[in-house]
Amino acid sequence: MIAIRNQLQKDVFTPQEERLLGLLFVWKAGKKRKNCILCAAVSTDRPYQTSLVKFKKADKGSVYKQVTWWSFEDLLLVDGKNPNKEAPEFDLQFDKVYRWIASSSGEKNAFMSCLLKLNRRYLHNRIKFVNISAHILEEEEEEEEVGVYQELTPKEAIDIEKLIEQFDQSISNAEAFAEKMTKDLHVLDEENIRSIIVSEKQVTEMMELIDMGLVEVNHIENTLQTYEELLQSVKEQMDHIHQSNYLLQVIDSNQQKLLEQVTFLVVSKKHQHALRNGDLSKPAGVQACIAAVEALNNCMNVKLLPGHRKMQSVAEQLIKCESLRQHFESRFIRHINNMFVLQGADQNITLTQESGDLILPNHRFYHEELLPYTPLMAWLKTSNPAIFTDLSKVYTDNIRKLYERQIKEFFDLVKFKLTGTKEGMRFSKYVCLLNQVLAELEPMCIAEEEFITKFFMMNEDRSSETVTRKMMSEIFSTLEADLKGFVNLCDKINPSNSLHLLVTVSQRALTVQDGGPCSFLKSTLGNILVQVKRNFDKCIYAFCKQIEEAKVPKKIRVVILPFVVEFDEFLNVAESIFKNTDRRGNLDKAYNKVIAAVFASVKNIASMNLKKPPDVVIMENFHHIFCCLSKMKIISLEDKKKEAYQQYTEHCNLYVTKYLGQPLEKLNNFFDGVKARISQGVKEDEVSYQLAFSKQELRKVIEKYQGKEVKKALENLYKKVTKHLSEEENLLQVVWRTMQGEFVRQYKEFEDMIARCYPGSGITMNFTVEDILQYFSDITKSN
């Protein structure tokens with residue numbers, strides 16, 4: 001520690017002209033032990049500055065880095081935690097409490113003692129110390145008592161030096177010296193008394209002078225009082241003059257302000273002419289009216305005090321402005337109302353059906369004709385909100401008639417294209433037609449909503465959006481119904497169209513959501529999307545119902561069930577439609593419903609009395625489904641693909657097990673009886689003593705199955721399997737190889753039973769495994 005102390009003094013404190021008085025190794029309480037050094041230092045120059053510094057050793061080398069510095073004057077409290085027990089914990093409270101743990105209790109006590117001394121010498125015990133060990137406090141008190149003394153003043157020190165200098169020799173007799181000092185004191189006291197008696201006359205003279213001074217002061221005070229009264233009257237006169245000047249300035253300022261405000265109430269003759277006679281049908285006249293309305297609005301919005309309205313000129317000017325406002329308001333309302341009516345009754349812009357093109361008329365001309373009047377509509381909205389609201393209703397009622405007529409003609413042509421052609425339309429034609437319909441309706445709705453927002457000053461707040469949506473709903477009151485009719489007609493012509501419609505309408509709705517703030521179009525397409533989703537669900541439900549109610553005539557030889565083929569086609573069509581779309585989730589749910597119905601119906605129809613074994617029907621149809629799902633690679637149907645493969649494998653094994661037992665039927669029955677005896681407790685080597693299962697009976701059964709008979713039975717089995725299986729699925733060789741493996745397994749099982757139950761009998765089968773493999777190979781090659 002001494003080496004570290006010397007290093008810190010040399011490297012840190014000496015350059016800063018400070019002296020290191022104490023240091024302590026500590027770490028923070030409640031955290032991982034990371035040693036740091038807490039140092040107490042004092043400056044070497046006056047005024048003395050004390051401080052506490054925390055150092056931390058650098059990662060590399062033996063250099064110590066300063067982390068935190070506190071002024072000793074900021075220390076509020078030192079808590080030793082436990083005065084009765086030696087413990088390394090202690091707290092220092094600055095702006096917050098720092099909890100430390102010292103490396104040892106002894107080092108902690110030494111550091112506490114250092115802090116106590118600093119507090120006594122430099123801060124006059126201003127810092128509070130609590131829970132400090134008793135022996136530390138006692139040591140500090142002893143040092144304090146020893147150090148208490150009363151220092152002589154400089155004058156006392158000089159007097160004592162002079163007194164001692166009077167004696168050449170050292171003072172050897174203290175009593176004689178004391179007596180000498182007492183006599184000198186008596187002499188001084190007598191001299192003091194004489195000086196007091198002599199100064200009594202001087203005191204009397206001083207008192208007389210003081211009395212004369214008091215009389216003179218009283219005279220001066222009276223004179224000052226007279227002057228003050230004179231100055232007070234002058235001050236009152238000056239205050240009155242100042243008040244009069246201030247009132248004159250106020251009157252002058254008020255007159256100037258009143259003149260300015262009255263000037264603003266004057267509307268120029270040019271603006272008056274525009275308000276009374278301006279031509280609202282021409283652009284120049286509209287611009288003149290806009291400027292005049294702004295001037296009139298400025299005049300009428302001038303802030304007047306209540307006293308101004310009592311002035312006759314102001315009252316007359318206000319009445320004149322109000323008259324101009326009412327006159328122009330009636331002219332403008334009549335003009336804009338006529339424009340709304342004429343636009344709604346316009347018969348020139350209609351849908352041309354002869355051309356056969358689905359193109360809606362453009363209303364941009366109408367909008368451009370009305371937009372110049374927007375500033376006047378803004379003025380009317382502020383001036384007369386009730387009339388403004390009535391005008392918006394007039395516009396809505398008239399323009400709705402125009403849109404209803406055009407949209408009706410448009411959808412009549414759409415229905416003609418859907419139902420008027422003799423030949424059926426492909427799916428792509430329906431999609432193209434729907435895209436064309438939406439491509440015409442979307443810009444029309446967007447343009448109309450943008451015009452309403454600008455012309456009728458709809459802000460972006462919620463109330464304005466509500467008003468805009470209401471106006472759009474009234475203008476296009478039949479649009480949603482016409483779109484739903486179009487969607488339902490497509491669904492009626494072919495329910496599968498709902499797949500195309502779902503994807504197309506969904507994409508359009510997303511495009512509108514991302515494209516702009518057309519709330520009406522978003523709402524309308526959202527409602528149409530709901531209807532299309534319902535049609536889609538209805539289509540899937542009808543398809544599932546058709547599959548569940550499917551029946552196959554008993555006279556017809558079943559190959560692959562019709563609804564399985566339809567399911568294959570449905571997957572191909574749906575995947576081509578929903579590829580890379582956002583409606584994949586709806587299709588996956590539909591897949592699960594349809595394939596569940598397919599699985600159930602396959603098993604249901606297989607259980608009917610058909611010309612094929614049920615296991616063959618299930619095996620072939622599930623094999624077809626498995627191949628279809630493997631080819632399509634649909635992630636959501638992976639579990640169903642595994643289930644289809646499991647059903648196919650399971651029923652293939654059942655079919656093989658059932659029909660393979662027929663070529664060696666009696667041998668199978670014999671060994672089934674042997675197994676039954678063994679299960680009843682008969683030992684394997686005692687089975688041959690059973691009469692029904694003796695060696696003679698076994699030889700008789702084996703004799704019936706010569707190689708030729710076995711091969712002939714296998715040939716008959718092959719023919720039957722060929723008859724059962726269809727060529728479309730190409731499962732004949734798969735089933736035949738499975739039968740071969742099962743036959744070999746049974747043969748080996750029979751040989752094992754003979755070896756265990758009839759040991760040493762010499763009984764063997766009339767053919768070998770090689771013979772069986774050759775039989776199967778010959779039958780396959782011959783066919």
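Asp91 is buried, with 6% relative accessibility; buried means under 20% relative accessible area, exposed over 50%, and partly exposed in between (1.4 Å probe, protein chains only). The structure is a predicted model, in which local features need pLDDT of at least 70 and side-chain atom pairs count only at pLDDT 80 or more, while totals for chains, interfaces and linings use all residues. Residues are numbered from 1 along each chain as its sequence is written, and side-chain values use heavy atoms, with hydrogens and water left out.

A salt bridge here is a side-chain nitrogen of Lys or Arg within 4 Å of a carboxyl oxygen of Asp or Glu. Lys81 lies in the loop between strand E5 (77-79) and strand E6 (89-93), and Asp91 in strand E6, so the pair ties together parts that are ten residues apart in sequence. Helices (H or I, at least four residues) and strands (E, at least two) are DSSP runs, numbered from the N terminus. Lys81 is partly exposed, at 36% relative accessible area.

## Other salt bridges

By this rule, the count is 20 salt bridges. One of them joins Lys408 to Asp412, whose closest N and O atoms are 3.3 Å apart. These two residues are four apart in helix H12 (residues 385-419), so about one helical turn separates them. Lys408 is exposed at 53% relative accessibility, and Asp412 is partly exposed at 35%.

Arg584 and Glu575 form another salt bridge, with 2.7 Å between the closest N and O atoms. Arg584 is partly exposed, with a relative accessible area of 24%, whereas Glu575 is buried, with 16%. Salt bridges that share partners also join Lys81, Asp91 and Arg99 into one network.

## Surface patches

Patches are made of residues with over 30% relative accessible area and no salt bridge; like charges are joined within 9 Å, and nonpolar side chains (Val, Leu, Ile, Met, Phe, Trp, Tyr) within 5 Å. Accessible areas come from the Shrake-Rupley method with a 1.4 Å probe, and for residues only the protein chains shown count as cover. A positive patch is formed by Lys28, Lys31, Lys32, Lys34, Lys56, Lys65 and Lys96. Lys32 sits in the loop between strand E1 (18-28) and strand E2 (36-43) and is exposed, at 72% relative accessibility.

A nonpolar surface patch of about 730 Å² is made by Val203, Met206, Met207, Leu209, Ile210, Met212 and Leu214. Met212 belongs to helix H6 (residues 200-264). With 58% relative accessibility, Met212 counts as exposed.

## Backbone angles

Two residues in loops have a positive phi. For Lys81, a residue other than glycine, phi is near 75°. His124 is not a glycine either, and its phi is about 55°. His124 is found in the loop between helix H2 (105-122) and strand E8 (128-130), where it is exposed at 67% relative accessibility.

## Cysteines

A disulfide is taken as a pair of cysteine sulfur atoms within 2.5 Å. A search of the whole structure finds zero disulfides. Cys321 is buried, with a relative accessible area of 1%, and Cys490 is buried at 1% relative accessibility.

How values were computed: Lys, Arg positive; Asp, Glu negative; His and termini not counted. Charge placed at Lys NZ, Arg CZ, Asp CG, Glu CD.
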